[in-house]
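Hi,

Here is the structure I promised to pass on. Please have a look, and my notes follow below.

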Amino acid sequence: MGSVIRPSADLRNHYNEISKQCKESRDAVIITVNGRGDTAVLGLQDYYQIKSELELLRTLAESEDDVKNGRVAPMQDSFDDIRGSLLGRNNG
């Protein structure tokens, strides 16, 4: 699977076709302006999935950095902190 490339005029003239193509193929459609790549069009479901995956990767990278730099605590301390935060939220 690869991205499909279409001219910007197709957004105006063939939007429904482009939308359907994004949803069915789950690939991006690259829109060109004057023959150069300008915009990527994705189905909304794929956009949200990519955004969630990126956030997960950022969190994992931050966690790995914490471990490398010794910013760790015993698991029970972490659970106690989470529990305290949740109880504080429920009581406040």
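**What turned up**

Apart from its neighbours within four places in sequence, Thr32 is in contact (heavy atoms within 4.5 Å) with Ile5, Arg6, Pro7, Ser8, Gly37 and Asp38. A word on the basis: this is a predicted model, where local features need pLDDT of at least 70, side-chain atom pairs count only at pLDDT 80 or more, and totals for chains, interfaces and linings use all residues. Residues are numbered from 1 along each chain as its sequence is written, and side-chain values use heavy atoms, leaving out hydrogens and water.

Thr32 sits in strand E2 (residues 29-33); strands (E, at least two residues) and helices (H or I, at least four) are DSSP runs, numbered from the N terminus. With a relative accessible area of 14%, Thr32 is buried (buried is under 20%, exposed over 50%, partly exposed in between, with a 1.4 Å probe and protein chains only).

The open sheet has 3 strands in the order E1-E2-E3, with mixed pairing (two strands pair if DSSP finds at least two bridges between them). Its edge strands, E1 (4-7) and E3 (36-41), each pair on one side only. E2 and E3 run antiparallel over 5 bridges, and Ile31 stands opposite Thr39 in E3.

Arg6 forms one with Asp10, with the closest N and O atoms 2.8 Å apart, and both residues are buried. Arg6, Asp10 and Glu17 are linked in a network of salt bridges.

Best wishes

Notes:
Salt bridge = Lys/Arg side-chain N within 4 Å of Asp/Glu carboxyl O.
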